[in-house]
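Hi,

Here is the structure I promised to hand over. Have a look at it first, and then read on for what turned up.

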Amino acid sequence: MKIHEYQARELLGRAGVAFLPSAIARTADEARAAYEKFGGRCVVKAQVYAGGRGKAGFVKLVESAQQAYDAAAFMLDNRMVSVQTGAEGVPVSVVMITPAVDISREYYVAITVDRAKSTAVLIASAEGGVEIEEVAKKSPEKIIKVPLHPTMGLLPFMAADVAARLGFEGPLARDAAKLISGLAKAFYTNDASLAEINPLVLTADGKLIALDAKLNVDDNALFRHKEIAEMADETQEKPLDVRARKANLNYIALDGNIGCLVNGAGLAMATMDIIKLYGAEPANFLDVGGSVTPEGAIEAFRILLSDPKVKGVLVNIFGGIAKCDLIAEALVKAGQEVGFTVPVVVRLEGTNVERAREILSASRNALPTLLVATDLDDAAKKVVAAIRSAA
């Protein structure tokens, strides 16, 4: 789960990471009032679940209340389009105003999960800022990576060592080590998958300050963090993603035209692979879980068929926990309530599969676009042929 920068600042601040004061605004008038609170040079920053804000014009330096008003009005009235959002962009419903500083140097510090090594890893670089991705690509030797112990996490000597490797000395080294330790505390306390400060800056007057913050929390741990779960901004997510999550469905939209409804992530991957093998493209990853209920199947089909790109659906279900005949009944009920307007090819395997096929075959008159496959290979061939013949 992602949260906004101003929310990440609050959580990291509790762990001891130092930030400049800030205020949020949901209207241009509120932005003007926030500027008047700080005065001088300030920065107005759009709060969105995407990077590339500066290059997109959604981070602006302002030096008057009117400039703050104008910057906020522009951001709140326009969708932000960056390399991370796609052409459709994302809406802006809140901006943050914070004092500006004179920057002497920028650094990068983050903790994330290294899935190859199955542990958290501290990442740091003395080449921070908006071009950190280019630094990692062109000069990987400038990126410091320190794997963290699964149970002990970041130890004090490790934070001090990284601070020294970043070039800090004396009091600044102690400040940097404290900040890195605070970042680690926030990472572990909040069950994060990413805790990032970019940039961490050394100001012209010699102070070390975090200018930006990002915190992504593991969805599987949100039951332990109700406060964070309530921070979710659904306007930053695709409507179908929100709808699927509320129905306890795992849904990811893709670019193809064959919808996939499966029970199990591995089965979903195999289904998408075989669709591509036969020359078509999957429109989504939709995992209904190990037990398919009529209600879940109905909502899954509503989500699939609300995507105008979907020209056919491949249902690939293994009846283990839920028996195949019960799954077949759920699919028929879904077809009756939702209406299958595109070819729907069903492949079932598992307990009571023969009875399930009888149920599906008996529904053909009521659901003429419903096709039954004998195995996954047959299902993939049928759904690809069906959408090609309809084109």
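Let me start with Glu299, which is buried at a relative accessible area of 17%, because buried means under 20%, with exposed being over 50% and partly exposed in between (1.4 Å probe, protein chains only). Before going further: this is a predicted model, where local features need pLDDT of at least 70 and side-chain atom pairs count only at pLDDT 80 or more, while totals for chains, interfaces and linings use all residues. Residues are numbered from 1 along each chain as its sequence is written, and side-chain values use heavy atoms, with hydrogens and water left out.

Back to Glu299: its side chain meets that of Arg243 in a salt bridge, at 2.6 Å from N to O. Glu299 sits in helix 11 (residues 294–305) and Arg243 in helix 9 (residues 239–246), so the pair ties together parts that are 56 residues apart in sequence. Arg243 is partly exposed, with a relative accessible area of 31%. A salt bridge here is a side-chain nitrogen of Lys or Arg within 4 Å of a carboxyl oxygen of Asp or Glu, and helices (H or I, at least four residues) and strands (E, at least two) are DSSP runs, numbered from the N terminus.

How many salt bridges does that rule give? The count comes to 21. One of them joins the side chains of Arg224 and Asp191 (3.2 Å, N to O). Arg224 is in the loop between strand 10 and helix 8 (226–229), and Asp191 is in the loop between helix 7 (170–189) and strand 8, so this pair ties together parts 33 residues apart in sequence. Glu281 and Lys276 also meet through their side chains, at 2.9 Å from N to O; Glu281 is partly exposed at 40%, and Lys276 is partly exposed at 43%. There is a network of salt bridges too, linking Glu5, Arg9, Lys45, Arg53 and Asp212.

Now the strands. Strand 8 (residues 192–203) is mostly covered, with eleven of its twelve residues buried. Strand 8 runs antiparallel to strand 5 (residues 103–114), and eight bridges join them; two strands pair if DSSP finds at least two bridges between them. In that pairing, Tyr107 stands opposite Leu200. Strand 10 (residues 214–217) also pairs with strand 8 in the antiparallel sense, over four bridges, and Val217 is the bridge partner of Ala192. With strand 9 (residues 208–210), strand 8 forms a hairpin that has four residues between the two strands, and Gly206 in the turn has a positive phi of about 85°.

Elsewhere, four strands make an open sheet in the order 1-4-2-3, with antiparallel pairing. Its edge strands are strand 1 (23–25) and strand 3, each pairing on one side only. The twist averages 25° from one strand to the next; axes are lines fitted to C-alpha atoms, for helices over the stretch in contact, and angles run from 0 to 180 degrees between N-to-C directions. Helix 1 (residues 5–14) packs on the sheet, touching strand 1, strand 2 (42–46) and strand 4, and its direction makes about 55° with that of strand 4. Helix 4 (residues 65–77) lies across strand 2, strand 3 and strand 4, running at about 165° to strand 3.

Last, Val62, which lies in strand 3 (residues 59–62). Val62 counts as buried, at 2% relative accessibility. Leaving aside neighbours within four places in sequence, its contacts (heavy atoms within 4.5 Å) include Tyr35, Cys42 and Ala71.

Best wishes
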